[in-house]
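Here are my notes on the fold, for you to read beside the coordinates. Please go through them point by point.

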Amino acid sequence: MGFHAPYDDTAMTLFDPAVATEPRPVSLVKLSGELARAVAGVGRVSVEGEVVRPQLRPSGRVFFTLKDRAAQIDVAVPGNRARRCRVVHGERVRVTGAVGYFADRGRVSFTAEEVVPVGAGAIAALLQEVRGRLGADGLLDRPRRPLPVLPKVVGVVCGADAAVRADIESVVAARFPGYPVRFREVNVSGAGAAEAIAGGLGALLVDPDVEVVILARGGGDAAQLLPFSDEELCRAVCASRVPVVTAIGHERDRPLCDEVADLRCATPSLAANAVIPSRRDLEERLAGLMAQAGELAARSAAAAVARLDAADPLDALVEGSRTASSRLERAGGHLRLLDPSRRVVESLRLLERIDRESTVVHRLARARGQLHDRRHTLDALDPTRVLRRGYAVVRDRRGAVVRDAGAVGTGERLSAELARGRLTVEVTGVEG
């Protein structure tokens, strides 16, 4: 659809042949590319206007027209962004996204990342809708997790505003100097803030030492605090593995994160006081517990002495005998474990095993020597060694070895096996 405005002669550039230049011939594809590049140069923007004719497609995408007094533009909301976009006909909203030119349709369209209402009434309606969904899933009245008395590490998600971090650090310095606190500074207002806050929470929860997290922000109006009412962020707070404390805005400001958090505090300083332990209080408590333990020990000792004094001497003797017998049995067990003869027996068994292993090793060595000697003997008897010295093995036509020259006759064919190869020979004469 593109941008539209009422017809206005004063807004149009009149064609003047006197100043006209020669037109630059371009193809439609090239013209579309130039338009796309020009529109892309607008960049990421945030625009306010009125929602007109919103349509939800089966794919989950939402389309509507954003209209102003003198202009309008088509807006497309991707399916994965629809949950963070409130689109109601006639409602004034602020749309954050990027403008693009679609060559196949010849249209300019605004792809939205976020659509948030503008105005107290619309914001209240949005909060009521999200609150209803959270309540239906039981997240508003879920059991709250208790805060740890002495967390290993305290995580804080806050903005880059130095005031919030300074407030928390001043509380740490006063209550427990040097206490481990890890800050995650993110964007806490405007487009994309809800995702940034949820990302900061997730990054802190990856650390196993973080045992409690504070979501902190300074004051702001209802529109500025909208990211802390994001439905996905509220669900992330409920799903956190550790307690989450919120300190967003002031006492009059109540974003939805306050309603699902494990503890809600009016300011970041109050949240830090609730989470950071007081070193002085801990030391005093430990001193009190030590004193209490000392008193209990003294009372127990006095009661034991009184029982001994009141006991019958004979009963005391019998009881003492039983106690002594029990102690002797335990001592006997320890002595048996330390008995030198027992250790000697164990040592002998160990030596015997070592001796057996040594005998086996000796036998293996002797067998290896015998095998080596026999191999040398076999090598010496190897007939191929004899053949390599120039001798040959002569066989008759039946394959029998010829050992006597008289066993063959003239003209008989014989085979002579050499170190390498075999010869067929004919007897031309016999001697011996």
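1. Terms first. Two strands pair if DSSP finds at least two bridges between them. Helices (H or I, at least four residues) and strands (E, at least two) are DSSP runs, numbered from the N terminus.

2. Basis. This is a predicted model, in which local features need pLDDT of at least 70, side-chain atom pairs count only at pLDDT 80 or more, and totals for chains, interfaces and linings use all residues. Residues are numbered from 1 along each chain as its sequence is written, and side-chain values use heavy atoms, with hydrogens and water left out.

3. Overall content. The chain holds 11 helices and 13 strands. Of its 432 residues, 28% count as buried. Buried means under 20% relative accessible area, exposed over 50%, and partly exposed in between (1.4 Å probe, protein chains only). Among contacts with a separation of 6 or more, 62% come from residues 24 or more positions apart. Contact here means heavy atoms within 4.5 Å.

4. Surface. The chain exposes about 27900 Å². Carbon and sulfur atoms supply 56% of that area. Accessible areas come from the Shrake-Rupley method with a 1.4 Å probe; for residues, only the protein chains shown count as cover.

5. The barrel. Five strands close into a barrel in the order S1-S2-S3-S5-S4, and the pairing is mixed. Neighbouring strands of this sheet are turned by 55° against each other on average, direction ignored. Helix H1 packs on the sheet and touches S4 and strand S5 (107-117). The direction of H1 makes about 150° with that of S4. Axes are lines fitted to C-alpha atoms, for helices over the stretch in contact, and angles run from 0 to 180 degrees between N-to-C directions.

6. S1 and its partners. Strand S1 (residues 44-56) runs antiparallel to strand S2 (residues 62-67), with five bridges joining them. Val52 has Thr65 of S2 as its bridge partner. S1 is also joined to strand S4 (residues 92-102), antiparallel, by seven bridges. There, Glu48 stands opposite Arg94. Check Arg53 in S1: its phi is positive, about 50°, although Arg53 is not a glycine.

7. Two hairpins. The S1-S2 hairpin has five residues between the strands, and Gly60 takes a positive phi near 95°. S2 and S3 form a hairpin with four residues between them. S2 and strand S3 (residues 72-77) pair in the antiparallel sense over six bridges. Thr65 stands opposite Asp74 in S3.

8. Val26, Leu28, Leu31 and Leu35 make a nonpolar surface patch of about 340 Å². Patches are made of residues with over 30% relative accessible area and no salt bridge; like charges are joined within 9 Å, nonpolar side chains (Val, Leu, Ile, Met, Phe, Trp, Tyr) within 5 Å. A salt bridge is a side-chain nitrogen of Lys or Arg within 4 Å of a carboxyl oxygen of Asp or Glu. Leu35 lies in H1 (residues 28-40). Leu35 counts as partly exposed because its relative accessibility is 36%. Leu31 is also placed in H1, and counts as partly exposed at 37%. Leu31 and Ala103 are 72 residues apart in sequence, yet 9.3 Å apart in space, C-alpha to C-alpha.

9. The open sheet. Three strands form an open sheet in the order S11-S12-S13, with antiparallel pairing. The edge strands, S11 (393-395) and S13 (422-426), each pair on one side only. Neighbouring strands here are turned by 25° on average, direction ignored. Three bridges join S11 to strand S12 (residues 413-417). Arg395 has Ser415 of S12 as its bridge partner.
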